[in-house]
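Dear colleague,

I am passing the structure below on to you, and my notes on what was found in it follow directly after it. Please read them with the model open beside you.

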Amino acid sequence: HGADRAGMPGAGAFGGAGGGLGNGFGGNGFGGGSAGTGGYGAPGGGYGFGGSGGAPVSPQDIAAMASELAELRGQLHAWRESVPRTGSGGATSSRTMGPRREMRVDELVSVASLLQAEPPDAFARALAVSGRLGETIRDHLQDGARRLGLDPDQACFSPEEEDAIDLVALLFDSLFRHNALQDRARRLYARLVLPYVKVALTDNGVFVKREHPARRLLDAITEACEGNDAETPQDRELLDRATEISQRIVAEYNEDLAVFELAYAELDALLAQQRRRIELQEQRAAKAAYGRERLGAARTQADSELHGRLAQPELTQAVAEFLAMPWRHHVVQTLLRDNVDARRHAEAIALGDALRMADRVPAENRRPELADQLLALQPAIIECLASSGLDDSAAQHGMAALRESFMPLDTSAQVFAWDPV
């Protein structure tokens, strides 16, 4: 019973995360194969058991999915008739051993309830091999039936019960084939196999309704486990909570879907915190990347402005160093902080031009003008120094040093040829 042995695949049975009508039961049709290889090809897809989000399903869509589910059940019946299968619950045994009565749904639910609390090791092993889960479920249910006094030689599964087993097996197989689930999750899902068989036996809505409590819980558990390798405390908390919830379903589910609703609400609240945390991390990363891009662009523009002013004519060392450090930093800051206000950036550029012009005054023997120019530039120079992180006292000291460099007694002031490299 499986893809490799009979043409009915475990993968593709149900659409993965976010799947829906048209994305399930084999990408190439139910069975994903041809009648000649034992598969049962069918057009279209099937039912996705995907994400819990999306728009509400209309009554027309539900009716359409119910109709397709009925069609898929027919395909399952035809597939089972075409596949020789031995064993206590198999089709071959029912043909060779004569007529047997079909077990009632309540009898099979009682059998599943008897087995529900037992260790799920066999289901975990079956999940590791695609296509084995259905037969493992059948074997366990037949064994449980014996314990309750139901003779397998006298009772068998009904076609609807066979459907429920196959659909649940396909669903769980598909989850492991379409989602990045770690080994730790295998036992968690194995624990849920029989509770979901019980749900499927009594409520077809789990395969049709997106809002079905059992379906929403399985979606949430898959979201918590997918790609989760428990590297962070938050990831470990999600895995631990999902494990606790699976144990609670086993302990408390007795055909009352309220236990699924409560478990879903609890896990979804924790997932919402995780989603918000991830969203904030992504926002911070995006902001940091955008900030780096803006800083790089601002520095490039400031360097262009600086090199244009240092190229010619030659400047005294004090002015060249002032432009290369405090002034360049100030230009970068105006581009980053005031990019919507061109006035402050223009004022910073004007300061650089004014200092370059003032640097030429002593060489042209126009010293009387220099004092007036420096006095007029003093507020802008102090603001420029302050933007580099200097307090008022340090900025005043820097201004005094710059003023002294402009007023040497020796008219042959040392000039500084700036090397852009």
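Helices here are DSSP runs of H or I with at least four residues, strands are runs of E with at least two, and both are numbered from the N terminus. Helix 6 covers residues 133–147, and its 15 residues reach 21 Å from the first C-alpha to the last, close to the 21 Å expected at 1.5 Å a residue, where the expected span is 1.5 Å times one less than the number of residues. Just after helix 6, Gly-149 takes a positive phi of about 90°.

Please keep in mind that this is a predicted model, in which local features need pLDDT of at least 70 and side-chain atom pairs count only at pLDDT 80 or more, while totals for chains, interfaces and linings use all residues. Residues are numbered from 1 along each chain as its sequence is written, and side-chain values use heavy atoms, with hydrogens and water left out.

As for the whole protein, it has 15 helices and four strands, and 45% of its 421 residues count as buried. Of the contacts (heavy atoms within 4.5 Å) with a separation of 6 or more, 71% are accounted for by residues 24 or more positions apart.

Helix 4 has twelve residues and reaches 16 Å between its first and last C-alpha, close to the 16 Å expected at 1.5 Å a residue. Its buried residues are Glu-107, Leu-108, Val-109, Val-111, Ala-112, Leu-115 and Gln-116, and what covers them includes strand 1, helix 6, helix 7, helix 8 and helix 10. With helix 8 (residues 183–202), helix 4 (residues 105–116) packs at an angle of about 165°, the axes being 9 Å apart; axes are lines fitted to C-alpha atoms, for helices over the stretch in contact, and angles run from 0 to 180 degrees between N-to-C directions. Helix 4 and helix 8 are therefore roughly antiparallel to each other, since that label applies to angles over 145 degrees, with under 35 roughly parallel, 65 to 115 roughly perpendicular and the rest oblique. Among the residues making this contact are Val-105 and Ser-113 of helix 4 and Leu-194 and Pro-195 of helix 8.

A second pair is formed by helix 11 (residues 258–310) and helix 12 (residues 317–337), whose axes come within 9 Å and cross at roughly 140°. The residues in contact include Arg-294 and Leu-310 of helix 11 and Trp-327 and Arg-337 of helix 12.

Ala-230, in the loop between helix 9 and helix 10, has a phi near 60°, a positive value in a residue other than glycine, and it counts as buried at 18% relative accessibility. Glu-255, in the loop between helix 10 and helix 11, has a positive phi of about 70° although it is not a glycine, and with a relative accessible area of 49% it is partly exposed.

Finally, the structure holds zero disulfides, a disulfide being a pair of cysteine sulfur atoms within 2.5 Å. Cys-156 counts as buried at 13% relative accessibility, and Cys-225 counts as buried at 1%.

Conventions
Buried means under 20% relative accessible area, exposed over 50%, partly exposed in between (1.4 Å probe, protein chains only).
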